[in-house]
Amino acid sequence: MKRTFPSPAALLLAVALAASSFAGCEKLDRDMYDNPAFRPQEEPVRLPPEGSVPTKGSGRVPLPGTPAAAAAGNPERMDDSARIRGKELYGIHCAPCHGLSGKGDGRVAAKFVPTPADISAGAGGIHPPAGERFSVLTHGKNGMPAFRYDLTERERWLVAAHVETLK
Ligand code: HEC
């Protein structure tokens, strides 16, 4: 029997998946949007003991623009594979808006409001501190989406390190 590919069912599935991936676009930062919900009969969530310190999540990444954010240094070992991974992640997650050059000339940037910032070293030739950049991509900033759920902490540092190489 001759098979047509992609089958109508596969096409329908692809369309449905594409549509559902846009469903989350109403908020760039979903932190307050996705509140944990209590369901009827659900056991209440136990609070952590007093004095607990978070060991993961975005809670301990200082906010952009604070001295603590600027002071944070890259804890990752930047060997060749880390550099390649950073560049690769940048191409996937950042280049659509900021462009491969970092100058804000990505394909999405042409239509994106506000215009994505020039994150290359630019005319001045100087990058802001890596910790500040890490904080911006963790928490987002105005039109800049937060990446704390899409990239792990290590991945965010690798991307931040790659941005530093943009001239
Ligand atoms: C949807 C488009 C979009 C994507 C994707 C995006 N950005 Fe941004 N980014 C922006 C916009 C818009 C701004 C300007 C925010 C503002 O108004 O200050 C920005 C600002 C920034 C800034 C701060 C620049 C400054 O001068 O304060 C940095 C750093 C940055 N982006 C890095 C990244 C990195 C790294 C990635 C990939 C992980 C990324 N961005 C992905 C749109 C985007």
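**Exercise 1.** Which glycine just after H5 takes a positive phi, and what is its value?

*Solution.* In this predicted model, the place to look is the chain just after H5, where glycine 140 has a positive phi of about 80°.

**Exercise 2.** Describe how H3 and H6 pack, and name the residues that make the contact.

*Solution.* Two packed helices are described by the angle between their axes and the distance between the axes. For helix H3 (residues 80-93) and H6, the angle is about 90° and the axes are 8 Å apart. Angles of 65 to 115 degrees count as roughly perpendicular, and H3 and H6 are therefore roughly perpendicular to each other. On the side of H3, the contact is made by Ala82, Arg85, Gly86, Lys87, Leu89, Tyr90 and His93, while H6 contributes Glu155, Leu158, Val159, Ala161, His162 and Val163. Sorted by class, the contact of H3 with H6 has seven nonpolar, three polar and three charged residues.

**Exercise 3.** Work out what surrounds the ligand, and which helices supply residues to the shell.

*Solution.* The ligand is surrounded by 22 residues, of which the closest are Cys94, Cys97, Asn142, Gly143 and Met144. Helix H4 (95-98), helix H5 (130-139) and helix H6 (153-163) each supply at least two residues of this shell. By class, the shell around the ligand divides into 16 nonpolar, four polar and two charged residues.

**Exercise 4.** Is asparagine 142 buried or exposed, and what is its phi?

*Solution.* Asparagine 142 is found in the loop between H5 and H6, and its phi is positive, about 45°, although this residue is not a glycine. A residue counts as exposed if 12 or fewer other C-beta atoms lie within 10 Å of its own; asparagine 142 has 8 within 10 Å, so it is exposed.

**Exercise 5.** Where is the cis peptide bond that involves proline 114?

*Solution.* The cis peptide bond joins valine 113 and proline 114, with omega about 0°, and proline 114 lies in the loop between H4 and H5.

Technical notes:
Residues numbered from 1 in each chain as written. Predicted model: local features only at pLDDT ≥ 70, side-chain atom pairs only at ≥ 80, totals over all residues. Near = placed C-beta within 6 Å. Helix = DSSP H or I, 4+ residues; strand = E, 2+ residues; numbered from the N terminus. Nonpolar A, V, L, I, M, F, W, Y, C, P; charged D, E, K, R; others polar. Axes fitted to C-alpha atoms, helices over the stretch in contact; angles between N-to-C directions. Parallel < 35°, antiparallel > 145°, perpendicular 65-115°, else oblique. Contact = placed C-beta atoms within 7 Å. Buried ≥ 20, exposed ≤ 12 C-beta atoms within 10 Å, placed from the backbone.
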